[in-house]
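I opened my notebook to look a few things up and write down what I found. Come along and check each entry against the picture.

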Amino acid sequence: MRKKIVAGNWKMNTTLPEGLALAKGLNDVLKGKKLNCDVVIGTPFTHLASVASVIDTSIIGVAAENCADKDKGAYTGEVSAAMVASTGAKYVIIGHSERRAYYHETPEILKEKVKLALSNGLTPIFCIGEVLEERTAGKHFEVVSEQIEKSLFDLSPEDFSKLVLAYEPVWAIGTGQTATADQAQEMHAHIRKTIAAKYGAAIADDTSILYGGSCNASNAKELFANPDVDGGLIGGASLSVDKFLPIIEAFD
């Protein structure tokens, strides 16, 4: 049975004191609630160990927003998957559209990051999605399939089954535009079909696929009602407990 997950991605926001206050505030609100989904928060590297130590990690999972494509060594400024795991984080976001666009992360680089994350016991939240020009040209299905195939299809069935995928229509991130519930479902179903063609229906059916494009309190319930949408990767709304909580509670 695939998991329902609502994951926050704080991006390059919050100082350490602000991040700790946000994490503790969310933890306090969720404590004692009956939740119908897993909750994860993706914090800057500087926050990981401190956040993991002040929250109940059985209530909230902690994610890094990235990791290096190298195991260790002379890579000044990089943070390895082993370092991330040592903080108490259990997840790592890999392949976010901002990393692909601004830092030129290629399918080969992402493939290495996924392998290192898995070998260090982390759950990758692997992001895929098309830009506006690709959707307008009708290439969105092709682009997303290729992103999955080039970075993930060397994995064994056992390792692939440990992944969480996040579909983020790049044209709907931070723009206020959102894919309609039908557009989200159509792409998520396509992603599941792509996985099934390689790994079989059982693994495809068990893979959690999150939606990550301007999901908020007003549209979360409609998006999550789709049979192939298993939750959300939430940006701006995850920076406020009051905005993040209704998204978590969108799963009845």
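**Entry 1: who lines the cavity.** I began inside, with the largest cavity, and saw that α1 (16-30) and α12 (241-248) each supply at least two residues of its lining. Helix α1 gives the most, with three residues. I noted the whole lining as W10, L22, A23, L26, I41, S238, V241 and F244. By class I wrote down seven nonpolar residues, one polar and no charged ones. The volume of this largest cavity is about 40 Å³.

**Entry 2: stepping back.** A reminder to myself: this is a predicted model. I looked up the secondary structure of the protein chain and found 12 helices and eight strands. The C-alpha trace spans about 45 × 45 × 35 Å along its principal axes. Next I looked up burial: of the 252 residues, 52% count as buried. I then turned to contacts in the protein chain with a separation of 6 or more, and residues 24 or more positions apart account for 72% of them.

**Entry 3: the largest pocket.** By class, I counted off six nonpolar, four polar and four charged residues in the pocket lining.

**Entry 4: cysteines.** How many disulfides does the structure hold? I looked, and there are zero. First, a note on the term: a disulfide is a covalent bond between the sulfur atoms of two cysteines. For C37, the closest cysteine sulfur is the one in C215, and it is 11 Å away, so the gap is too far for a bond. A disulfide here needs two sulfur atoms within 2.5 Å. I looked from the other end too, and the cysteine sulfur closest to that of C215 is in C37, again at 11 Å. Are these cysteines buried or exposed? C37 counts as buried because its relative accessibility is 6%, and C215 counts as buried at 7%.

**Entry 5: a lysine in a helix.** I picked K111, which has its place in helix α5 (residues 107-119). Is K111 buried or exposed? Its relative accessibility is 10%, so K111 counts as buried; the cut-off for buried is under 20%. Then I looked up its partners: leaving aside neighbours within four places in sequence, K111 is in contact with K150, S151 and D154.

**Entry 6: an alanine in a loop.** My last stop was A225, in the loop between α11 (220-224) and β8 (231-234). At 64% relative accessibility, A225 counts as exposed, since exposed means over 50%. I also looked up how far A225 is from R100, which is 125 residues away along the chain. Their C-alpha atoms are separated by 29 Å.

Conventions. Residues are numbered from 1 along each chain as its sequence is written. This is a predicted model: local features need pLDDT of at least 70, side-chain atom pairs count only at pLDDT 80 or more; totals for chains, interfaces and linings use all residues. Side-chain values use heavy atoms; hydrogens and water are left out. Buried means under 20% relative accessible area, exposed over 50%, partly exposed in between (1.4 Å probe, protein chains only). Helices (H or I, at least four residues) and strands (E, at least two) are DSSP runs, numbered from the N terminus. On a 1 Å grid over the protein atoms alone, a cavity is a set of points where a 1.4 Å probe fits but cannot get out, and a pocket is an open set with protein on both sides within 12 Å along at least five of seven lines; lining residues have an atom within 4 Å of a point. Grid points are joined across faces, edges and corners, and a volume is the space filled by probe spheres set on the points. Ala, Val, Leu, Ile, Met, Phe, Trp, Tyr, Cys and Pro count as nonpolar, Asp, Glu, Lys and Arg as charged, and the others, Gly among them, as polar. Contact means heavy atoms within 4.5 Å.
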